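Let's take a look at the aromatic rings in this one. Which rings pair up, and what sits over their faces?

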Amino acid sequence: MVSLGCPKNLVDSERILTQLRADGYQMSPDYAGADVVLVNTCGFLDSAKEESLEAIGEAIAENGRVIVTGCMGNEAETIRARFPGVLAITGAHQYEQVVEAVHDAAPANLSPYIDLVPDAGLKLTPRHYSYLKISEGCNHRCSFCIIPSLRGDLASRRPDAILREAEKLVAAGTRELLVISQDTSAYGLDLRHAAYPLKGGGEVRAHMTDLARELGKIAPWVRLHYVYPYPHVDQVIPLMAEGLVLPYLDIPFQHAAPNVLRAMKRPANDAKVLARLRAWREVCPDIAIRSTFVVGFPGETEADFNYLLEWLDEAQLDRVGAFRFEPVEGASANALPDQVPEEVKEERYARIMERTAAISAAKLQAKIGRTMEVIIDSVGEDGASGRSYADAPEIDGEVHLRDAGHLSEGDIVRVTIEDADEHDLFGVPA
């Protein structure tokens, strides 16, 4: 399997592989040993689509028997025009259709004696952390995004089913649960925030706050991603102050200038957001806020961009990623006037990364001398690397440790911070 795109796609890949393993299939580590190749595609941006097409082309060249699934599956004509020999094409989270296509292409002989699947399913992440998808789809209609057309409107999972999956993952060795969706704050809206019975008695509402509280009772670390700053997010901050949930919020602000936010069809009250950030920090001073921003959106003026830089100075976000605006087929933003030239996008991208790196460096310098918990991701002969509460895997910084060869992956240890650069911390086990 070749799995591209975001963590939500990775969870889809894990589910597909878990079902195929239960059906008697083995995973091949390379193209040569495979009877069929699965390519789980990303279709969010045109550059991601091109990467998906390249992956399909490589799989066909190396193996020849290819099944395509994922977000680009709704562009079957485009895929077949370039690769008419593809065996089957299915869309995002169409698990049954993918499995049926594999059955047709390479029938397996199931043996109940050797084809065993762990309770937690097969994982594509290290043993000590797992992505936990709580819903599919999105009810927003942002002008630059085609996720609703790829994955549909919000469809939340029942909270009792999510908690059962979390218990299985923790029992199998997971120490950090990374909660993901398209819009974590909207979780349960489609279920009318109904209450569901818990296995040991009591009940839990299909609501972000209630779910976060219950997950915090199950796993040592719980990290929330893709959180829109709805008013009820305020109720999650005390859970962070209590230590039930990691003091970390991944909030996709996308921009700060009101003109740009309106063109993006996103909430445009930036001053209120700054006030809420201050209020959150009063309740939980250590809270780390990560976000992503788009530069060069159609109509973004130099004044709009400078407004964003000033807002970032005020907001003092801990982790920031930035993207140059890129048209994607089907997004209404493509038709907006005043498209920004590529060279201007590049210049603004460099400026925002320079500004946010300076903010990050100052924040990390302030942590020198502190002792904090770190989860270990890798261990060498005498050193180790891990992450603090402020660092999600793959996207944020790391904590590099000396004199740590005795540690193991998944350990959560107290570390004294000795040094820092723009993105990473350096320390020693306390």
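Phe 144, Phe 297 and Phe 325 come together as one aromatic cluster. Keep in mind that this is a predicted model. Across the model, the count of aromatic pairs comes to 7.

| Pair | Centre to centre | Angle between planes | Type |
|---|---|---|---|
| Tyr 129 and Tyr 131 | 6.4 Å | 85° | edge-to-face |
| Phe 144 and Phe 297 | 6.3 Å | 85° | edge-to-face |

Why does the tyrosine pair count as edge-to-face? The planes of Tyr 129 and Tyr 131 stand at 85°, and the cut-off for edge-to-face is over 60 degrees.

Now for the surroundings. Tyr 129 is buried, with a relative accessible area of 6%, and Tyr 131 is buried too, at 8%. Phe 144 and Phe 297 are both buried as well.

The phenylalanine pair also bridges the sequence. Phe 144 sits in the loop between strand S6 (135–136) and helix H5 (147–151), while Phe 297 sits in the loop between strand S13 (288–295) and helix H11 (302–315), so their contact ties together parts that are 153 residues apart in sequence.

Finally, the charges. Tyr 129 turns up again here: Arg 387 lies over its face, 5.2 Å from the ring centre. Elsewhere, Lys 8 has its charged end over the ring of Tyr 226, at 3.6 Å from the centre.

Methods
Residues are numbered from 1 along each chain as its sequence is written. This is a predicted model: local features need pLDDT of at least 70, side-chain atom pairs count only at pLDDT 80 or more; totals for chains, interfaces and linings use all residues. Side-chain values use heavy atoms; hydrogens and water are left out. Rings of Phe, Tyr and Trp (its six-membered ring) pair if their centres lie within 6.5 Å; planes under 30 degrees apart count as stacked, over 60 as edge-to-face and the rest as tilted. Buried means under 20% relative accessible area, exposed over 50%, partly exposed in between (1.4 Å probe, protein chains only). Helices (H or I, at least four residues) and strands (E, at least two) are DSSP runs, numbered from the N terminus. A charge sits over a ring if NZ of Lys or CZ of Arg is within 6 Å of the ring centre and within 35 degrees of the ring normal.
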